[in-house]
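Please read it beside the sequence and the structure shown here.

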Amino acid sequence: MNQLQLLEAIGSVDDTLLQTARQPLPIKRHFARYMAATAASICLIAGASVWGARQFAVHSKLVFSGNVFHHGTIGSETASAADDIFDQGQEETNEIHLSDTIRDMVMESVDLYITGWNTDGFSGVVNVANDFFEDGIEIQVLMNDSTICLYMNEQAGAPCPYDMNASNTAVGSYVTVTYNDCIQTDTSIQISATTVTLNKQAKT
Amino acid sequence: MDDSAIVSLYWQRDESAITETAVKYGKYCFSIAYGVLGNASDAEESVNDTYLDAWNAMPPSRPTMLSTFLGKITRRISIDRWRKRNAEKRGGGQMEAILDELAECVSSEENVEQTVEQQMITDHINAFVRTLPDVEQRIFLCRYFYMDSIKDIAKRFGFSQSKIKSMMLRIRRKLRAFLEKEGWL
């Protein structure tokens, strides 16, 4: 079989499949996101009640914007909050689980290793292919004031080894980035990070 | 005019059938032809040939889905036209890119048996497409049946082009694995 024979075979697929192929996607994708965001809101409220709304209020500033979940702020304030969280032990790791659950429900994510820092974020290379990105693709990760850095659960209780956003020491580290926007230009792919989770720290 | 009325015009040998077809499906057929050929005048000729082919096919055919019936004719005529034109020179359109992409899914060898078994291939392609999730089905058919460009597919479904490319890469890998499993490669 060659490509042309394959192409001609595709030309005889069922009419029922062809008829729907060019139609817009069902609304359920958007509806699902809406429902996920709503579910996330409910989980968040319930979680906050169970584990202590006071600690959330102190260490995190929760903001909902549309169906996108932002948790805290980046920079020294967040780094300090993150330090506090890890200092407070197991109770706070539950918060990270909750965040992960919400993140998985409403966002897309990609695993990268960091190749260099820029003024507005960092460059990374995909190390685990997923539905959207192949291995080895370079991506520019944009960070802003609402992006938050998280550390893996195994590190809970340990001091944060570095300020992920402010130094270049994390080059080579493996991270999971969740994002709420992806823009492709002729020369690059940019994603706007909502969270950056350290999975494996580079040796310094 | 609804499809059954247009088909009836063909069966009555009423030439207004072609006019009605052009009004309702002219753009649709043109988009397929243009996807293959990448040239407006060639695409227009393919569309006109489609009307003639449909005129000759009905009767005896009485298609239940006139759009896909016409689309398949347009696609076949356009591929034939592309093949003839390509014998003279390499042209535009999506055909070359698509054939390059599909090369990942097939072997380079040809044999007579496989040519004869085209219908069996089609059955397997149908089976394969049905195994895909809904979005992947649509993307696969938009690209490899309708010959839409990556840019158009991305726009149609609201995804980035890189996402479409990644999804198509995964679909092609699945197709290759499927064809290998079924003994075509």
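K163(B) lies over the face of F159(B), 3.8 Å from the ring centre, where a charge counts as sitting over a ring if NZ of Lys or CZ of Arg is within 6 Å of the ring centre and within 35 degrees of the ring normal. The model is a predicted one, in which local features need pLDDT of at least 70 and side-chain atom pairs count only at pLDDT 80 or more, while totals for chains, interfaces and linings use all residues. Residues are numbered from 1 along each chain as its sequence is written, chains are lettered from A in the order in which they are written, and side-chain values use heavy atoms, with hydrogens and water left out.

**Aromatic rings**

- The charged end of R13(B) sits over the ring of W55(B), at 4.0 Å from its centre.
- Over all chains, a search of the whole structure finds nine aromatic pairs, a pair being rings of Phe, Tyr and Trp (its six-membered ring) with centres within 6.5 Å, stacked if the planes are under 30 degrees apart, edge-to-face if over 60 and tilted for the rest.
- The pair of Y25(B) and Y28(B) is edge-to-face, because the ring centres are 6.1 Å apart and the planes stand at 65°.
- Y25(B) and Y28(B) both belong to helix α2 (residues 16–37) of chain B, three residues apart, about one turn of the helix; helices are DSSP runs (H or I, at least four residues), numbered from the N terminus.
- Both Y25(B) and Y28(B) are buried, which stands for under 20% relative accessible area with a 1.4 Å probe and protein chains only.
- Ring pairs join Y25(B), Y28(B), F145(B) and Y146(B) into a cluster.

**Contact of chain B with chain A**

- The contact (heavy atoms within 4.5 Å) takes 55 residues from chain B and 35 residues from chain A.
- Between them, chain B and chain A bury about 4,300 Å², of which 58% is on carbon and sulfur atoms; buried area is the accessible area (1.4 Å probe) that two parts lose on being put together, summed over both.
- Four salt bridges are found across the interface of chain B and chain A, each a side-chain nitrogen of Lys or Arg within 4 Å of a carboxyl oxygen of Asp or Glu.
- D15(A) forms a salt bridge with K72(B), in which the closest N and O atoms are 2.8 Å apart.

**Covering of a helix**

- Helix α8(B) is mostly covered, with nine of its eleven residues buried, among them E136(B), F140(B) and Y144(B).

Technical notes:
Helices (H or I, at least four residues) and strands (E, at least two) are DSSP runs, numbered from the N terminus. Buried means under 20% relative accessible area, exposed over 50%, partly exposed in between (1.4 Å probe, protein chains only).
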